[in-house]
Amino acid sequence: SAEELNLLQALAQIVAVSLIASHRSEVEQFRLRQLNLVREVSAQIANVLNLDELSLDNYTVKVEDLLPPKPGSFLLDQVALNVKGASIVSNTPITASVSLRFNETGTIAARGTAKIAPLSADFDIAVTSLDLRAAQPYVEDFLRLGIASGAFSTTDKVGFQTNDPASPRLTFAGDLCVTNFVTADQVLFKEFARWDDLTVRG
C-alpha cells in the first residue's frame, strides 16, 4: 500500500542519514588519529633534533694515515667532549668544549659557542707541547729534512661569521710558539736548523 511504501521510504532515509553520520564520524575520528600521530612524531623528531647535553669522557682514538710513503700515526687519548643546547629547530647558542692528549705528550683544548643561523662561531683554542715529529711523514714529500725534535704551542681566539659580508668571515688572534726545534739534512746528514724558542705574537 501507499502507507507501507511511505514508511519504507522514511526508514530508508533514516538509515541513509545514520550511515552518512556514522561515516562522517569515522572520517573525523580518523583525521583526529592522524593528527595526533603527526603531533607525536613531530614531538619525537623535536626531541632528537634538540640535544640538551652530550658528554663523552676519557675516550681513545688511534689514527693511521696510509697516504704518505711513510704512514703517519697519531694517538688521541683522554678525549673529552661536551656539547650543550644543540638544536636545528631553534637558533639558541650551542656551547661546546673538547680536550685531548696528542701522542701522549701534547694537549689540545677548545671551548666556545656557535650558532646555526646565521652560521657563526667563537672559540678559544689552546695547544700545548705538540710534538712536531708527528709531521715528519708530510715533510718528506717536499723536503729532505728530518725533524729531530720540536714542540708547538699556541693560544688563540678564532671567530667565524656569515651574517656581515663586509667583515672578515674568519678571524684569528693569538700567539704561536715553537721550542727546541731541530732539523737535520737527510742528504748531508748534518744539522740544518735549530730554534730554541721562536714566538710569534698577534
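A salt bridge is a side-chain nitrogen of Lys or Arg within 4 Å of a carboxyl oxygen of Asp or Glu. Side chains of opposite charge can pair when their charged atoms come close. The model considered here is predicted, and a search of the whole structure finds five salt bridges.

- R201 forms a salt bridge with D175, and their closest N and O atoms lie 3.2 Å apart.
- This pair links distant parts of the chain, since R201 belongs to strand 8 (residues 190-201) and D175 to strand 7 (residues 170-185), 26 residues apart.
- R201 counts as exposed because its relative accessibility is 65%, over the 50% limit.
- D175, with a relative accessibility of 26%, counts as partly exposed.

**The pair R133 and D131**
- A salt bridge joins R133 to D131, with 2.8 Å between the closest N and O atoms.
- D131 is buried, because its relative accessibility of 17% is under the 20% limit.
- R133 is partly exposed, its relative accessible area being 46%.

**The pair R194 and E191**
- R194 and E191 form a salt bridge in which the closest N and O atoms are 2.9 Å apart.
- R194 has a relative accessibility of 47% and therefore counts as partly exposed.
- E191 is likewise partly exposed, at 45% relative accessibility.

Technical notes
Residues are numbered from 1 along each chain as its sequence is written. This is a predicted model: local features need pLDDT of at least 70, side-chain atom pairs count only at pLDDT 80 or more; totals for chains, interfaces and linings use all residues. Side-chain values use heavy atoms; hydrogens and water are left out. Buried means under 20% relative accessible area, exposed over 50%, partly exposed in between (1.4 Å probe, protein chains only). Helices (H or I, at least four residues) and strands (E, at least two) are DSSP runs, numbered from the N terminus.
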